[in-house]
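Biologist: Please show me the model and its sequence. I would like to go through it with you, one question at a time.

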Amino acid sequence: YAKEKGKNNYQLFTDELKKKVNQRLKLESALRKAIDKEELELYYQPQFDIKSRDIVSAEALLRWNSSFGRISPNEFIPIAEDTGLIVSIGKWVFKEACLHIKEWRKRGLPVVPISVNVSARQFREADFAKVVQQIVKEEKIDPSQLIIEITESAMLDIVESEHIIQDLKELGIKIAIDDFGKGYSSLQIITDLNYDILKIDKSLMDIEKGNRNIAILKAVLETTKGYKEVIVEGIETQEQVDFLKTYNVVGQGFFFSHPLPSHQFEEQLKQIRG
Ligand code: C2E
Ligand code: MG
Ligand code: MG
Ligand code: MG
């Protein structure tokens, strides 16, 4: 009987696995066509000065309106990474953000710096900085309008990463370290790397849940004070805002605004005092 049951479990396991593999293959092949089918869209989430409540910048966030419905970047970005599709998707994202900036400028709007996410594989492409430079040049974008976000985990090799960061900074583009404090972050990154903005991950914003987070958060805010820009991600409550009020930081989160389609973000830009 036990043997029989084991066999059934095995059967169940392979069925599950087959289903997962099939699902994955389906997504992969759909993602391959996503650019041509114009299924990709950039949303923008404004980032606010905690004290003045002014919009100071915004993050571009990719959306995929697939034939299976809306699929989260947390699901499709890893597929794009594994398959190498991230290289062409990443180019599309960068160019699209530049086109939006151009459009908003043309309409006379006060355009804040726009932050673009770049993933590990893209960041490590040999010609990454060149590609960025080319797009910026082609679209005649002021590079100081752009910020590139990279996660610590994308920087496997710190020395090599420093070179890439240096190249981008020479173009006049700012660098943000994304998701700081998610998983195992090293405090060394804060002081050793040549970046502009430190983005603190939402997991550290869980201040209700404990002293450990508050201690880390305070340590990071004290270390960066007056010397690096800090953006705190995932702000959802008034309590979190109150906690941050004594620090000179920028806040991003559902409390202030969800990521918005470009035409709605444009309305936000119109509210900015000139
Ligand atoms: P991320 O770069 O850390 O982006 C912030 C994520 O937090 C976004 O999720 C945003 O919608 C979400 N968020 C913002 N405020 C709050 C809040 O108050 N509470 C909570 N719970 N979440 C909040 P999203 O848009 O689903 O993107 C997920 C991740 O996918 C991003 O994390 C980024 O790593 C990746 N991603 C998104 N767009 C791109 C892209 O164009 N290129 C690349 N390479 N990765 C991207
Ligand atoms: Mg980001
Ligand atoms: Mg983040
Ligand atoms: Mg992330």
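What follows is a short exchange on metal sites, charged pairs and backbone angles.

Biologist: What should I know before we start?
Modeller: This is a predicted model, in which local features need pLDDT of at least 70 and side-chain atom pairs count only at pLDDT 80 or more, while totals for chains, interfaces and linings use all residues. Residues are numbered from 1 along each chain as its sequence is written, chains are lettered from A and ligands numbered from 1 in the order in which they are written, and side-chain values use heavy atoms, with hydrogens and water left out.

Biologist: Which residues coordinate the magnesium ion (ligand 2)?
Modeller: Look for donors, which are N, O and S atoms within 2.8 Å of the metal (3.2 Å for Na, K and Ca). Water is not among the atoms, so sites may look incomplete. Here the donors sit at 2.0 to 2.2 Å, and they come from Glu-59 (OE), Asn-117 (OD1), Glu-149 (OE) and Asp-178 (OD).

Biologist: Where in the chain do Asn-117 and Asp-178 lie?
Modeller: Helices (H or I, at least four residues) and strands (E, at least two) are DSSP runs, numbered from the N terminus. The pair links distant parts of the chain, 61 residues apart. Asn-117 is in strand E4 (residues 114–117), and Asp-178 is in strand E6 (residues 174–180).

Biologist: Which residue bridges the magnesium ion (ligand 2) and the magnesium ion (ligand 3)?
Modeller: The two ions lie 4.0 Å apart. The bridging residue is Asp-178.

Biologist: Is Asp-178 buried or exposed?
Modeller: Buried means under 20% relative accessible area, exposed over 50%, and partly exposed in between (1.4 Å probe, protein chains only). Asp-178 has a relative accessible area of 7%, so Asp-178 is buried.

Biologist: How many salt bridges does the whole structure have?
Modeller: Side chains of opposite charge can pair when their charged atoms come close. A salt bridge is a side-chain nitrogen of Lys or Arg within 4 Å of a carboxyl oxygen of Asp or Glu. A search of the whole structure gives 18.

Biologist: How many residues apart are Arg-32 and Glu-28 in helix H1?
Modeller: Their side chains form a salt bridge, 3.4 Å from N to O. Arg-32 is partly exposed at 48%, whereas Glu-28 is buried at 17%. Both lie in helix H1 (residues 2–34), about one helical turn from each other, so the spacing is four residues.

Biologist: Which residues are linked with Arg-32 in a network of salt bridges?
Modeller: Glu-28 belongs to the network.

Biologist: Which parts of the chain do Glu-139 and Lys-95 tie together?
Modeller: The two form a salt bridge with closest N and O atoms 3.7 Å apart. Glu-139 lies in the loop between helix H5 (128–138) and strand E5 (146–151), so the pair ties together parts 44 residues apart in sequence: that loop and, for Lys-95, helix H3 (residues 86–106).

Biologist: What is the phi of Lys-140?
Modeller: Most residues other than glycine have a negative phi. Lys-140 sits in the loop between H5 and E5 and is exposed, with a relative accessible area of 74%. Its phi is positive, near 50°.

Biologist: Which strand holds Asp-179?
Modeller: Asp-179 also has a positive phi, about 60°, although not a glycine. Asp-179 is buried, with a relative accessible area of 19%. The strand is E6.
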